[in-house]
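I opened my notebook to record, step by step, what I looked up here.

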Amino acid sequence: MSAIQTQDLTKKFGKLVAVDHVSFSVKEGEIFGFLGPNGAGKTTTINMLTTLLKPTEGSAAVAGFDVEKEDSEVRKAVGLVPQDLTVDEDLTGMENMLLQATLYHVPKSTAKPRIMEVLSLLGLADAANRKVETYSGGMRKRLELAEGLIHYPKVLFLDEPTLGLDVQTRVMMWDYIRKLRDEQKITMFLTTHYMEEADTLCDRIAIIDFGKIIALDAPHELKQSLGGDIVEIAVENNNLDMTDALASLPSVKEVRNRNGVYRIKVERGEEALPNIIEKVLQKKIKIGRVSLTEPTLDQVYLEYTGRTLRETEGSREETMRMRRYISRVRQ
Amino acid sequence: MIEEILALATREIKKWVKNPFLLLMMIIQPIIWLGLFGKAFNLTGLVKIDTSKLPPELTQLIGQQIGQLINNTLNSMFGTTDYFTFMSAGMLSVIVLFTAMFSGMSIVWDRRFGFLNKVLVAPIRRASYILAKVFSSVLRALFQSLLIFSIAFAFGLKPGDAFGPLDMLGAFSALFLLSLGLSSLFVALTVRIKSHEAVMAVANLLNLPLMFTSSAIFPIKQMPDWLQAVAHWNPISYSSDAVRKFILHSQAGLDATQLLIDFQFLIAFAAAFTIIGIMLADRGLRKG
């Protein structure tokens, strides 16, 4: 059974089609990334999958329940870690968690041990009785994550989980997210703007733009779809030209020799590299240096969504929200 | 469902109690109100006659007969010869109105900070969230009324000679009904409003008209006919009247007929708006 399954999922706001006949499925235990420019339809999709918005057309099932007909079942099965910091600064971490536990009907007797379990999992046990005011940005974000876990969700939605965090905190968040998937078998659906985050964290990535999914695959495959890797080999003796010999190898697409430095465009570089080296060594040519460059996900993203800057209409509210968010998370 | 409401209402109350500035303002505000309206606006003082400045031969006549006449007139207008007492009783309802007005404000903040979304994805009834807002606002309003009552007492409020704990209970049940209805009304108005400026505008548009078209600070009998008609539909008139009757409870007894009318109106008002609030909650809170 898929953790998430959508069929022609569509949301229109008046004339604007925010999400346009989107179909995809997320496997159980997968970390699935949703990438796209601002206003591409990421948050709208999350809102529909978490029952905050009703789809205009199409259908979606989360944890096996229909988001429209069985919305209360869906709400029990999913956790949402919103983009905003919603934890209450005036309350302690424990008080925030207790409120969340009540909203998810976790029985009183099991609530406290469960809270401590989740907080220790995220390294917040020691800070449980401190006011959230005193928390760092990373701790707040982790408390937010902890709140999403209180009711043993099957699917966790993470909307920009590391937005505004510094590199150390971001790497730590990734570790926690992986740990949750591995130890708790939770399916993760995350949106992000950070390509390296999607690359290291996600099993599969969907790129969405103008409400449509324009690419969907594992990060590695997406990078390959750009036309392959670049292998560079510098040889010490350039008397013998190897261009034709190398070009005859399977999966090699293009070879250029510039003063003893061969630049080889190749599919699946890491698999082709041993063959290339073998070929060179057969000719008794000494290799000085080898490098393999994969295209980055940034390149993939720009390839699919284009390089033009989006002058999307930014609402005043959105800007205010962002400023407020950044200032809180950086505390 | 009750647990959810309690948990959400506790959150509101905690946020409020943990803010010493809000608590301080809440104590200062009623003092200013009582001082300005009760003492500076002393309507009954205008018609009082200072007997010491009259020629001695007139003192007897003025002091007793005309004085009696004036007092009778005042009694029939205000129910008491002391405007401060009249006004303080009405001010309790006005404070309830002012507290209720901002009950919707926190919904706007919850929406902005994303807390609303978190509540909406939780498997709870949406009405729980609305009721929690309403109840915490009612609690705040009643606490503030109690505060203003104690301060008014210290400033010279003169209750009737038969005033007792039961009258206190009666007065606060009227205030409870008023705050339940008004909080629900303002919460219902703000479920779909997204900016706090708009909430302020709505609150400012409604507060003074609601206050001045009621019998809170001026007796209905002395109003022009058209204003009387409006005042008869204003719930603040009914709660002011009920509270005043209980506070001025004298040996002569309570006017049960009028109190019954007051409570009937207040119960209908509270029930209607609580139901409207809950009904709007489900559709209004959902986005798009």
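Predicted model: local features only at pLDDT ≥ 70, side-chain atom pairs only at ≥ 80, totals over all residues.

Entry 1. Residues are numbered from 1 along each chain as its sequence is written, and chains are lettered from A in the order in which they are written.

Entry 2. I looked up the secondary structure of chain B and found 13 helices and zero strands, where helices (H or I, at least four residues) and strands (E, at least two) are DSSP runs, numbered from the N terminus. I then read that 43% of the 288 residues in chain B are buried, that is, have 20 or more other C-beta atoms within 10 Å of their own, the C-beta atoms being placed from the backbone.

Entry 3. I turned to helix H6 of chain B, residues 105-112, where Ser106(B), Ile107(B), Val108(B), Asp110(B) and Arg111(B) are buried. These buried residues pack against helices H1, H7, H8, H9 and H10 of chain B. Just after H6(B), I found Gly114(B) with a positive phi of about 85 degrees.

Entry 4. I looked up where the chains meet, and 21 residues of chain B are in contact with 21 residues of chain A, a contact being two residues whose C-beta atoms, placed from the backbone, lie within 7 Å. On the side of chain B that touches chain A, H1 and H7 of chain B each supply at least two residues.

Definitions and conventions: Buried ≥ 20, exposed ≤ 12 C-beta atoms within 10 Å, placed from the backbone.
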